[in-house]
Amino acid sequence: MPPPVTPRDSVFLKACRREPVPYTPVWFMRQAGRSLPEYLKAREGIPMLESCTRPELVAEITMQPVRRHKVDAAVYFSDIVVPLKAIGIDLDIKPGIGPVVADPVRGAADLARLRPLQPEDVSYVTEAIGLLTAELGATPLIGFAGAPFTLASYLVEGGPSRNHERTKALMYGQPELWAQLLDRLADITTGFLKVQIEAGASAVQLFDSWVGALSPADYRRYVRPASAKVFAAVAGYGVPRIHFGVGTGELLHDLGEAGADVVGVDWRVPLDEAARRVGPGKALQGNLDPAVLFADEAAIREKTTEVLDAARDLEGHIFNLGHGVLPTTDPGVLTDLVADVHERSRR
Ligand code: CP3
């Protein structure tokens with residue numbers, strides 16, 4: 001088989017489109033950053049949010065895992081709160097904590113602060129992706145954004161939250177205000193994804209990381225309309241749309257129905273069972289437990305085999321972890337995993 005010449009012909013995009021592939025493509029959520037020594041060196045003394053606004057630095061960090069691990073796709077280095085910062089929300093990313101919002105969103109008066117995102121608000125994204133597509137060649141770039149529910153959780157709680165109690169209080173107690181909040185976030189997210197696609201991203205992933213906190217009925221009532229609005233708004237570009245959340249075993253079908261082409265699965269549901277839940281017509285992405293990478297080589301190999309075996313009959317499988325790379329993961333283990341999946345999935 002001749003080497004691919006454009007991202008469109010890449011093994012990753014073929015798998016997203018459920019076309020035959022010579023081997024299973026691999027990338028890792030949170031593959032940029034984390035424990036990579038070259039990342040820590042590049043970021044030295046530069047706060048996280050500032051680093052996201054420097055095109056050369058973003059391009060360099062995005063490229064690092066591609067060079068090192070030979071993954072089949074790059075994922076744009078940014079954060080889900082970057083578009084919120086870009087429209088003027090006062091927030092910061094605190095080391096060891098995560099996003100912290102100065103004035104949380106709690107009432108109707110706060111909605112006005114969530115204005116639509118204009119491409120000029122994130123001109124550094126367009127610039128960084130221009131640099132990246134030139135350097136990536138045939139390797140696809142995945143753009144991403146936070147889904148309305150997960151963004152709302154940070155905005156309403158004011159930071160990371162275990163139980164999402166204030167978010168749920170708003171959702172159940174003031175459903176009309178909640179719907180307006182999620183609708184505004186859908187527009188911001190859509191704007192951020194469009195900028196990335198128009199600049200050259202070959203696929204997009206919508207991270208609804210914390211939506212597993214909801215029951216299926218509540219997901220459909222309170223969240224799915226806003227996520228579906230995002231997916232519908234970018235459908236016309238024809239780039240694969242990936243949808244991911246953690247602890248979403250009971251929501252897998254609904255996550256697909258929101259309008260995804262590829263459903264991301266965490267490690268709690270085997271991929272053959274996930275395929276039954278999602279239903280036909282969608283590719284799956286996942287789902288090795290990121291904590292497995294701390295076990296010895298034989299154990300990692302065994303758990304990888306379980307994932308590949310469960311994915312054997314899928315039409316369209318992208319190998320990934322069931323959630324992001326954990327910060328203290330040995331980078332060498334990731335490099336070996338990419339090679340192992342490529343080799344053992346070859347057909
Ligand atoms: O992990 C996920 O569920 C993915 C979705 C998500 C991202 N950021 C995407 C991201 C979520 C939920 C966040 C919020 C966030 N931002 C957290 C989690 C806090 C919590 O609630 O538990 C944290 C710690 C941040 C701050 C942050 N984001 C840092 C310090 C970095 C750089 C280095 C690192 O540690 O990863 C990021 C980058 C980031 N956030 C990427 C993505 C997809 C980088 C691109 C990549 O490598 O995939």
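Tyrosine 154 counts as buried, because 25 C-beta neighbours lie inside 10 Å. A residue is buried if 20 or more other C-beta atoms lie within 10 Å of its own, exposed if 12 or fewer, and partly exposed in between, with C-beta atoms placed from the backbone. Tyrosine 154 belongs to helix α7 (residues 148-157). Helices (H or I, at least four residues) and strands (E, at least two) are DSSP runs, numbered from the N terminus. Leaving out residues up to four places away in sequence, tyrosine 154 touches Val81, Pro99, Val101 and Gly159. Contact requires that the C-beta atoms of two residues, placed from the backbone, lie within 7 Å.

The model is predicted: local features need pLDDT of at least 70, side-chain atom pairs count only at pLDDT 80 or more, and totals for chains, interfaces and linings use all residues. Residues are numbered from 1 along each chain as its sequence is written.

**Ligand surroundings and annotation**

The ligand is surrounded by 21 residues, and the closest are Ala32, Gly33, Gly98, Pro160 and Ser209. A residue is near a molecule or strand if its C-beta atom, placed from the backbone, lies within 6 Å of it. The shell consists of 12 nonpolar, six polar and three charged residues. Here Ala, Val, Leu, Ile, Met, Phe, Trp, Tyr, Cys and Pro count as nonpolar, Asp, Glu, Lys and Arg as charged, and the others, Gly among them, as polar.

An unreviewed UniProt entry places the feature "binding site" at Arg30, Gln31, Ala32, Gly33, Arg34, Asp79, Tyr154, Ser209 and His323. UniProt positions are given in the numbering used here, feature names are shortened, and annotations may be inferred rather than shown by experiment. The UniProt annotation "domain: Uroporphyrinogen decarboxylase (URO-D)", also from an unreviewed entry, covers residues 25-34 and 142-158. Residues 25-34 are 0% helix and 0% strand, with end C-alpha atoms 21 Å apart. Residues 142-158 are 59% helix and 29% strand, and their end C-alpha atoms lie 28 Å apart.

Serine 209 lies in the loop between β5 (203-207) and α10 (216-234). Serine 209 is buried, because 21 other C-beta atoms lie within 10 Å. Apart from neighbours within four places in sequence, serine 209 is in contact with Thr150, Gly245 and Val246.

**Strands**

Seven strands form an open sheet with parallel pairing, in the order β1-β4-β5-β6-β7-β8-β9. β1 (74-75) and β9 stand at the edges with a single partner strand each, so one side of each is left without a neighbour in the sheet. Two strands pair if DSSP finds at least two bridges between them.

| Strand pair | Sense | Bridges | Bridge partners |
|---|---|---|---|
| β2 (residues 91-94) and β3 (residues 98-101) | antiparallel | four bridges | lysine 94 and glycine 98 |
| β5 and β6 | parallel | four bridges | phenylalanine 207 and phenylalanine 244 |

β2 and β3 form a hairpin with three residues between them, and glycine 96 in the turn has a positive phi of about 80°. From β6, Arg241 and His243 point one way and Ile242 and Phe244 the other way, and all are buried.

The loop between β6 (241-244) and α11 contains glycine 249. Glycine 249 is partly exposed, because 13 other C-beta atoms lie within 10 Å. Glycine 249 touches Arg268 and Val269, not counting residues up to four places away in sequence. Between glycine 249 and aspartate 266, 17 residues apart in sequence, the C-alpha to C-alpha distance is 7.9 Å.

In helix α8 (residues 165-173), Thr167, Leu170 and Met171 are buried. These residues cover an arc of only 95° around the axis, which puts them on the same side of α8. The arc is that of the directions from the helix axis to the C-beta atoms. Glu165, Tyr172 and Gly173 are exposed on the other side of α8. The cover over the buried residues of α8 includes α7, α9 (175-199) and α10.

In helix α12 (residues 271-278), the residues Leu271, Ala274, Ala275 and Val278 are buried. Seen down the axis of α12, its buried residues fall within an arc of 105°, so they line one face of the helix. Their cover includes α11 (252-257), β7 (262-264), β8 (283-288), α13 (297-310) and β9 (317-321). Glycine 279, which follows α12, has a positive phi near 90°.
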